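Let us take a walk through this structure together.

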Amino acid sequence: MSTTQQGTHSLAFRVMRLCKPSFHVEPPFRLDPADLFVGEDIFDDPLAAANLPPLLSSQLTKSMDSSDLTYGNRFLLHHPSDAMGFSGLLLLPQSFGAIYLGETFCSYISINNNSNFEVRDIIIKAEIQTERQRILLLDTSKSPVESVRAGGRYDFIVEHDVKELGAHTLVCTALYNDNDGERKYLPQFFKFVVANPLSVRTKVRTVKETTYLEACIENHTKSNLYMDQVEFEPAPHWSATVLKADELHPADNSSTGEIFKPPILIRSGGGIHNYLYQLKLASPDSAQMKVEGTNILGKLQITWRTNLGEPGRLQTQQILGTPISRKEIELQILEIPSLINLDKSFLVHLNLTNHTDRELGPFEVQLSQNSAHEEKKVMINGLQTMVLPQVEAFGSTDFHLSLIATKLGVQRISGITVSDTTEKKTYDPLPDVEIFVESD
Amino acid sequence: MDEPSPTVDPLTNQFGSLNDLSHELASLQDLAMRGSWRSILDKVSGARSLDLLAKPHDHLIYLSYNVLALTKLRRFSDASNELDSLHDFNSHHYKYETYPKLYHTRSGSMVPFSLRFINAQLPFKLGNRQEGLDRFYLLLNFIRQKIKDKGIHSLQESVKIWRKREVFVLHCLIGQHLGAKEFNVCLDLIRDLINHDYLDPVLVSKLGYIQMQIGDFEGAKGSFHRVETMLNERKNDDSSALSEVEFRNLVNRNKALVFLVGKDYVSAVREYEECMERDPADVVAVNNKALCLMYLRDLSDSIKVLENSLERVPTVALNETLVVNLCSMYELAYVNHSEIKRTLSNWIARVSPDDFDASCTRV
């Protein structure tokens, strides 16, 4: 809504948001004469089948005659697809609507002289004011508009790419000489608020050498968003491939071929769509690449279209992967026997690797208690602590742990922990491993 | 209903004129063509009270015009109540064979199909969208069953008319889903029609418009290209419902839309002008050209284009969308726009049909 200063002005600004027009859609009540003049099954009667069609088509021809000055086009169907109520007629934007970050704000501005006298030397300015800045959209200072006659207008169209959230004001000002030669100043303010059109939630999972990035885009706008492009731009040394699910409808459209590419449309007001990317580090043996601290994966570039292809674009912030901590010690299970019997000991083959450049150890390997202090179903058979000698720099050692299971079925080997007795350092336990315990 | 004694000689041509089909049907039809829906209500009420409707099918046809008139006058509850008074469209009361003295050997339903259509579309106007969709989909099943039955009995003319009705209902459904922005459903329904060899250039164009609407420009261009191919491959004996002028204008309007969406308004105007040259009554071209002029900062000319069309071809140009656009332009162009809108409103009141929704002037 606009606010102006006090005092009478010869000029006034009129503003209309000029986003793209929209198609008018309204299924009408329009009929075929055959569905009105006679019963629906009358054509079963051979007499009717022979004699009715000429009568009916003469009715239709009458309605299609352009010299026929009736409103038959609002009542009868001229062409079968008229029933859709979608003729291609375009409608001007009827309200200001919502404006979202990433869109382009476009407006028709008309300055009217609604007095009875000519107005001269008009300097017109239009700018957008936000919390952070003022952006000049139009300035006729260098070449002022010479005059606007009584009842006349000067029109212009301004565009602005919206890059900030929150309150915006379109400030239109006119500096002019009115009929008395008085230099007058007219400011008018049109306020609008810019909201966030989407939110992006990400999940990062690492499986061995590959990192998977799942991005969920949620649409907060009032229209459906056609996702033109959603691209992941990986950080240096990373490469990304998008993973797509198999199409639900196989390409069966022989006659329609190129017409149908299922579009990605995210429903208005909360609809979501998920994207999955597979990320790999450029060099596989990238021990040198594993820098301590946070791990930047890259960012998403999103471009979308709304009504009649009205474009919008946004970029996410940097997306972070799981922090990589430099591992000094790596403990892994190499082999577990496939057959494990109740109350019979079995050997688990493990390996301990020293990733540092100095000798570490000696070590102790134990099964740590879980937080609930429950009695473990799978325990070390024999001495509860296994001692391992020192391991040289960048070296490794294999060993076997004798375990015994005291309960049938699916059980877990949990809490295998290694500690360095010299440095008095306990490392994180191995993740749980499931085993199946059978009876003899 | 009682069976009055037959008054028609079965040897005369029963289908020579509209009045042969039903009591004073020509007059009813004439009123409908003029949009004089209030007069239709009067005529129907008069005929009923004076007991002028001799036969069951006359009652049904008059009821159809009455329901249609109520609908056109936006009296949707009244229309719905009148339809409900029939209780069951499939009742034997509405079958020709129930009255052999009147209809001799004719059999089947005498219910005008329009009643089924209006019955399905009314719930949407009464705010009950789900009911409306259910009725349309049930109607589609009903039609497909009829097509099967008529086919089995080799009633070719009936099969033709019921197939037409199938296409009609599908188009109604596409329109309803489109209005609710359920674009993927629309695309599926249209794909279905095209895959079953229903190759209508207007439908393919509308597919293109929907693709444009959602932002699938490549798809839209493909559809429009296909329409152009259909025009070029058209034979002289083409039974397509389009005349040469209509077909060419369709292609021009499709091109114009591509220009318009690409913001090349000058080229869009050029395409629309070609349409208007061929057919001054091409109201879509007129309306859309005016909008393009606005986007070219030429508000004065955009207003002139719309005002001229109302003057020269009022019976086609007078539609609510065009008037809303013109009023939006007035509101932008004039600080004191109420006077000019009132002038327009008064003119409309003099020439418009009864069903014209005058609230579109926002006066």
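**Where chains A and B meet**

Across the interface of chain A and chain B, the rule finds eleven salt bridges, each a side-chain nitrogen of Lys or Arg within 4 Å of a carboxyl oxygen of Asp or Glu. In one salt bridge, the side chains of D41(A) and K150(B) meet at 2.9 Å, N to O. This is a predicted model, in which local features need pLDDT of at least 70 and side-chain atom pairs count only at pLDDT 80 or more, while totals for chains, interfaces and linings use all residues. Side-chain values use heavy atoms, without hydrogens and water; residues are numbered from 1 along each chain as its sequence is written, and chains are lettered from A and ligands numbered from 1 in the order in which they are written.

In all, 89 residues of chain A are in contact with 121 residues of chain B, contact being heavy atoms within 4.5 Å. The two chains bury about 9,400 Å² between them, 60% of it on carbon and sulfur atoms; this is the accessible area (1.4 Å probe) that two parts lose on being put together, summed over both. F29(A), E40(A) and Y71(A) supply 10% of the area that chain A buries against chain B, more than any other three residues.

Now look inside chain B. S309(B) sits in helix α16 (residues 299-312), helices being DSSP runs of H or I with at least four residues, numbered from the N terminus. Is S309(B) buried or exposed? It counts as buried because its relative accessibility is 2%, and buried means under 20% relative accessible area (1.4 Å probe, protein chains only). Leaving aside neighbours within four places in sequence, S309(B) touches V286(B), P314(B), A317(B) and L322(B).

Notes
Helix = DSSP H or I, 4+ residues; strand = E, 2+ residues; numbered from the N terminus. Buried < 20%, exposed > 50% of the residue type's maximum accessible area, 1.4 Å probe, protein only.
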